Structures are given as C-alpha cells and as structure tokens.
Amino acid sequence: MADWRIWLDTAGLWWPLLLVLVGYGVGQWIERRHLRSIRERELQLQSVVALNTRYIPAGVVASGSQLVSGSVVISSDYFKTFVAGFRSLFGGRFAGYEKLLERARREALLRLKKQAHEAGASLVIGVRFHATKVAGSTTPAVEVMAYGTALVRPRA
Amino acid sequence: MLVSNLETTPGHQVVAHLGIAQGSTVRAKHVGKDFLSGLKNIVGGELKAYTELMQEARDEAVQRMTAEARAMGANAVLNVRFVTTSITVGAAEILAYGSAVTIAPV
C-alpha cells in the first residue's frame, strides 16, 4: 500500500490551493496588523500637515525648505492574486488590490511625514504620489513613493 | 545644494536659470534577496529589501543630479520630479530631474 503516493502524484492540484489558503490566512493577518499600525502612527503624526499645493499658504513663515520623501514596496499575496485572476475574466473592482494600494499610499505618506517631523517641520507642501509596478516573480508588487517639500520654521 | 520639488524656495529668489539637471541609475535586485521576497510573495506585505534598494537607488539618482547641477554652476535644483521605469524583470531605472538654478537670499 502506498496511499501517500497519491498526494505526491496530485501535488500539482493541491499545492497551489494550499498556497492560496496560506496566503489568505497569513495575508489577512498581516494586512490587519499593518492597518492597525498605520492608524496608530497617523494619530502620532497628526501635527504634520501635508498639502499638494505648490505655494506656501498665506501666513506661514519659513526660513528654508527640504525635500522629504517616503516610499514602500508592498507585495500582494497568493489569495489576492488568485482572486484577481478570476476578476480579470469578468471585470469590475479589484477590492483586494484597492486595499493593498491604500495601505502602500498611507504608509508612504506616513514615512514622508516622519522624515519631515524629524527635520523639525510641521508643514509639507507640493506633495506628489508616484507608483511603479516592481516585477515580482509570481505575485505583483508595487512601489509607492510620496515626495514633497518640508518647510522649516525659522529658529526662535 | 538645495533640492526642492517646488518652483520657488522660501526666503530666496532665483537669479539665473541654467537648464535641466538630471541623474539616473539602473538597479537590479540581489538574487538572495529576491529568493526571500519570493517567499514573502505568498503571504504579501512589505518587501523591505526592495524598499531599501529603491531608496538607495533614488539617493544615488539625486546625488548624480546635484553633481550635474553643480557642474553647471547652480546652487539649487528646483521643481524636482522622480520617474521609475521597470526595464526588464528585476531591473528598474530611477530618474530624478529638475531645474538647475542659482538662488540668492531676498
């Protein structure tokens, strides 16, 4: 009797499904943890304001400026990629990818704000977002970058 | 060397426009790092090695851009923009460009 051999012979069938299940379980956990961490840090950095206007708002006194940026490369998981594969047959919203990009954008903006905060600035203007697909071996990965100019207040 | 993505800079005025300064670099990822990222692909999340790689590449692009601006006789680069293009699987070009200018305090 060699019952185990049937598993070996059908590995092509169940192995991708296992990866999808692991991707779902762990992927969802990582996503929840990441979103919680983003919310916490957003509260901590509330004092830093980021705007995408190109001009210094009236009444703001600045003695200098500094380019600040924040970026993150984030990968999809097997589950999301699997679902997206079906999605692309019918069209419509890719809810999983929407959430992935939202996480990446918020993370990039947070890193920009952190850099501004460390430079002693509380206002960043001219913020631009930029996203690029970074070739992942199987599942897509995306890099999101935010950059802007931090206004440094004159020393009192 | 002042680098900014605004057309103006607080407390200063532009005295001379010298032209576009640019700097770029093409980077590929490390095989070992790519293997770990391959595992990370199953469960998703941040690929820290890639974030660092892109950050380093961008710093180098900015450095090359400011070097070019300095050679033109500029003391600031304004209106800086970043572009990233993936050339082949695993390699990307990171470009930074802006206007090389001379600024003076108002």
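Why does the distance between the end C-alpha atoms of helix H3 (residues 78-90) of chain A agree with its 13 residues? At 1.5 Å a residue H3(A) should span 18 Å, and its end C-alpha atoms lie 19 Å apart; the expected span is 1.5 Å times one less than the number of residues. Helices (H or I, at least four residues) and strands (E, at least two) are DSSP runs, numbered from the N terminus.

The model is predicted: local features need pLDDT of at least 70 and side-chain atom pairs pLDDT 80 or more, while totals for chains, interfaces and linings use all residues. Residues are numbered from 1 along each chain as its sequence is written, chains are lettered from A and ligands numbered from 1 in the order written, and side-chain values use heavy atoms, without hydrogens and water.

At the start of H3(A), a side-chain oxygen of A:Asp77 comes within 3.0 Å of the backbone nitrogen of A:Phe79. Just after the helix, A:Gly91 has a positive phi of about 80 degrees.

Rings of Phe, Tyr and Trp (its six-membered ring) pair if their centres lie within 6.5 Å; planes under 30 degrees apart are stacked, over 60 edge-to-face, the rest tilted.

| Pair | Centre to centre | Angle between planes | Class |
|---|---|---|---|
| A:Tyr24 and A:Phe79 | 4.5 Å | 65 degrees | edge-to-face |
| A:Tyr147 and B:Phe82 | 4.8 Å | 85 degrees | edge-to-face |

A:Tyr147 in strand S4 (residues 141-152) of chain A and B:Phe82 in strand S4 (residues 76-88) of chain B form a pair that crosses between chains. Both A:Tyr147 and B:Phe82 are buried (under 20% relative accessible area; exposed is over 50%, partly exposed in between; 1.4 Å probe, protein chains only).

Methods: Polar contact = N/O pair within 3.5 Å; in protein donor to acceptor, adjacent residues only side chain to side chain.
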